Amino acid sequence: MKKQIAIDGPAASGKGTIARGLARALNFAYLDTGLLYRAVAQRLLQGAESRAVVVARSLVRADIQDLHDLRVLEDLGLRHPAVSAKASEVAAESEVRSVLRGLQRDFADNPPADKSGAILDGRDIATVILPNAACKIFVTAAVVVRARRRLADLEAANFGGTESVPTLEDLRADLQARDLRDETRADSPLRRDSGALLLDTGEQSVAESIAEALAYARDCLNLAD
Ligand code: CDP
């Protein structure tokens with residue numbers, strides 16, 4: 001059985017921070033699946049092509065041929081708020097999801113030889129992409145906490161100082177709109193898998209969240225401490 005960890009949760013809940021912490025501690029390969037939807041959204045916003053599924057197919061064919069050479073996903077612009085909103089629209093399209101599904105499963109099934117397993121984070125990892133993952137974690141936090149965190153991220157990035165940063169209230173409204181769309185779409189909605197650990201990071205430091213997730217992961221992967 002492949003060693004796989006599935007992490008899901010709403011926007012800005014801390015999934016990525018926890019996934020990176022676990023990947024480092026356990027020497028697992030890590031894929032932030034939101035970046036795949038963001039990459040499709042960014043190319044649509046750039047306007048060369050108008051159908052999301054066509055963009056998704058070309059992304060899979062051309063840019064991300066080698067699953068572990070994901071430099072295309074390191075573009076800072078993928079985190080832009082306009083891209084976030086478009087990504088959640090694109091992610092509601094079944095054809096797009098189906099094009100990206102194989103890529104995510106390949107990544108999880110074929111970690112590089114020097115890695116001990118794979119961690120994926122997203123919205124439907126435990127429920128759809130890797131239903132047999134050994135460990136499943138659902139990360140959450142109150143929306144106001146998530147909005148504050150996202151504001152701090154955006155202030156830190158500030159896209160070269162060229163942009164005005166949204167207000168806390170705008171961010172909160174954006175997160176809520178995106179969560180609602182992610183939770184209510186017909187295909188692969190955001191929901192907690194019944195087998196997933198619920199990790200509420202609202203009152204925790206980053207170190208505390210990672211420690212709790214790591215203790216759980218060692219247990220479900222049958223690793224000694
Ligand atoms: O970083 P943040 O939590 O704000 O977003 P993200 O994880 O990068 O995901 C961006 C958007 O992609 C989400 O709002 C979802 O609509 C979509 N997504 C998805 O549908 N399924 C996934 N496995 C990952 C992301």
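Me: What joins E2 to strand E3 (residues 118–122), and how do you know that the two strands pair?
Reply: In this predicted model, 4 bridges join E2 to E3, and the two strands run parallel. Pairing asks for at least two bridges between strands, so the 4 found here are enough to call E2 and E3 a pair. Within this pair, Leu31 stands opposite Leu120 in E3.

Me: What is the order of the 5 strands in the open sheet?
Reply: The order is E2-E3-E1-E4-E5, and the pairing is parallel.

Me: Why is one side of strand E2 (29–32) and of strand E5 (197–200) left without a neighbour in the sheet?
Reply: E2 and E5 stand at the edges and each has a single partner strand, so one side of each has no neighbour in the sheet. Neighbouring strands of this sheet are turned against each other by 20° on average, with direction ignored.

Me: Which strands does helix H5 (residues 94–109) lie across?
Reply: Helix H5 lies across strand E1 (4–8), E2 and E3, and it runs at about 150° to E3. Helix H9 (residues 206–220) also packs on the sheet, where it touches E1, strand E4 (135–140) and E5, and its direction makes about 160° with that of E4.

Me: Which of the 19 residues around the ligand come nearest?
Reply: These are Arg38, Arg97, Arg150, Arg178 and Asp182.

Me: Which elements give two or more residues to the shell around the ligand?
Reply: They are helix H2 (34–46), helix H4 (81–90) and helix H8 (168–184), and H2 gives the largest share, 3 residues. The residues of the shell divide into 5 nonpolar, 4 polar and 10 charged.

How values were computed: Residues are numbered from 1 along each chain as its sequence is written. This is a predicted model: local features need pLDDT of at least 70, side-chain atom pairs count only at pLDDT 80 or more; totals for chains, interfaces and linings use all residues. Side-chain values use heavy atoms; hydrogens and water are left out. A residue is near a molecule or strand if one of its heavy atoms lies within 4 Å of it. Ala, Val, Leu, Ile, Met, Phe, Trp, Tyr, Cys and Pro count as nonpolar, Asp, Glu, Lys and Arg as charged, and the others, Gly among them, as polar. Axes are lines fitted to C-alpha atoms, for helices over the stretch in contact, and angles run from 0 to 180 degrees between N-to-C directions. Contact means heavy atoms within 4.5 Å.
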